[in-house]
Structures are given as structure tokens and as C-alpha cells.
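Student: I would like a close look at one part of this structure. Could you walk me through helix packing and the side-chain pairs around it, step by step?

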Amino acid sequence: MSVMVSAVPKEHVFEIEGQLRPLIRKLGSHLGNRFDEDSLVAALTAGKMDLWIAFDDAGTILCFAATAIHEYPLRKVFSCIFCAGDEMDQWADSMMSMLMSYARDSGCASIELTGRPGWTRFLKRYGFDFLCTTVEREL
């Protein structure tokens, strides 16, 4: 099976929404009380985040990544805000290669990813280093 990775223009998010929503549901509590399924789809459709998908020969979406570029005072950073999918061994290399190329071409100095602790161990193979822990308290 070959895997292809593509950005999805905001105008076309609705065309794959049926395949996208089950993958968003996999994030569950990892949406962090900042998004729910509908608000994440709305953010992607409005262009507030960029959508990337990996899909197989049959057009089945294996994973998605929601990303954004942040311009901080000292550097421009490509941020992978959410990522979820099935058959990670099938798409991880292709997705990471595409995201790194896009970030580099966009003038970013680095890529950051927010996620569960398991991502730290997995991403070491791509040269990622642990940066910090985010903690939260409800008020």
C-alpha cells in the first residue's frame, strides 16, 4: 500500500468531513477543553488551522494533522496542534517528511508538537527533543 500526504485547502474540508470526524473523535479528552469536534472542523474550514491528511490508494484517510505557523519575537515555528489516525507505521514517515519540508519552505526555524507523553518517545526518531510540560487547572 502506498501512502500519500496532502494539505487540504480550507474550501475542501467539507468534502472529507465524513472521514475526518471519526479521526477527530480519537483525540477525545486530548482536545483539552479547547475544542470539540464541531469547533475543530469550524477552525479548519475557516483557515484558522491548516489540515493535512495521509491517505491510501483507495482514498481512505489514515490520519490527519491540524497545524499552524506561529511567529514569535525570536523565531517562526511550525506547530502541529492535533494529530490522530490509524496504522501509524504506514503514514508517520510520509507525514513527517511532508510537514518538515513545508515548515522549512515556509521559513520556520523549528517544528513543535503538542501531545501525549508517548509522542516524545516516538518522535525521537525524527530528531525531536522534549521541551516542556504543560499543566492546567480549571478555575
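Tutor: Here is a tour that starts with the sheet, moves to the helices and ends with the charged side chains. Please keep in mind that this is a predicted model.

Let's begin with the sheet. Strands of a sheet pair through backbone hydrogen bonds, either parallel or antiparallel. Here, 5 strands make an open sheet in the order β1-β2-β3-β4-β5, and the pairing is mixed. At the edges sit β1 (3–8) and β5 (110–113), each of which pairs on one side only. From one strand to the next, the twist averages 25 degrees. Take β1 and β2 as an example: they pair in the antiparallel sense over 6 bridges. You can find one spot by looking at methionine 4, whose bridge partner in β2 is phenylalanine 55.

Next, look at the rings. A pair of aromatic rings is described by the distance of the centres and the angle of the planes. The structure holds 5 aromatic pairs. One of them joins tryptophan 52 and tyrosine 102, with 5.0 Å centre to centre and 65 degrees between the planes. That pair counts as edge-to-face, because the angle is over 60 degrees. Tryptophan 52 belongs to strand β2 (residues 50–56) and tyrosine 102 to helix α3 (residues 88–105), so this pair links distant parts of the chain, 50 residues apart. Tryptophan 52 is buried, at 4% relative accessibility, while tyrosine 102 is partly exposed at 32%. Ring pairs also bring in Phe78, linking Trp52, Phe78 and Tyr102 into a cluster.

Let's turn to the charges. Side chains of opposite charge can pair when their charged atoms come close. The count comes to 5 salt bridges. Glutamate 17 is partly exposed at 24% relative accessibility, whereas arginine 21 is buried at 17%. Arginine 21 has a salt bridge with glutamate 37 as well, the closest N and O atoms being 2.9 Å apart. Because arginine 21 lies in α1 and glutamate 37 in helix α2 (residues 37–45), the pair ties together parts that are 16 residues apart in sequence.

Another salt bridge joins the side chains of aspartate 86 and lysine 26, at 2.9 Å from N to O. Aspartate 86 is in the loop between β4 and α3, and lysine 26 is in α1, so this pair ties together parts 60 residues apart in sequence. Both residues are partly exposed: aspartate 86 has a relative accessible area of 35%, and lysine 26 has 46% relative accessibility. Elsewhere, salt bridges that share partners join Glu17, Arg21, Arg25, Glu37 and Asp38 into one network.

One last stop is glutamate 87, in the loop between β4 and α3. Glutamate 87 has a positive phi of about 55 degrees although it is not a glycine, and it is partly exposed, with a relative accessible area of 45%.

Methods. Residues numbered from 1 in each chain as written. Predicted model: local features only at pLDDT ≥ 70, side-chain atom pairs only at ≥ 80, totals over all residues. Heavy atoms only, no water. Phe/Tyr/Trp six-rings, centres within 6.5 Å; stacked < 30°, edge-to-face > 60°. Helix = DSSP H or I, 4+ residues; strand = E, 2+ residues; numbered from the N terminus. Buried < 20%, exposed > 50% of the residue type's maximum accessible area, 1.4 Å probe, protein only. Pairing = 2+ DSSP bridges. Axes fitted to C-alpha atoms, helices over the stretch in contact; angles between N-to-C directions. Salt bridge = Lys/Arg side-chain N within 4 Å of Asp/Glu carboxyl O.
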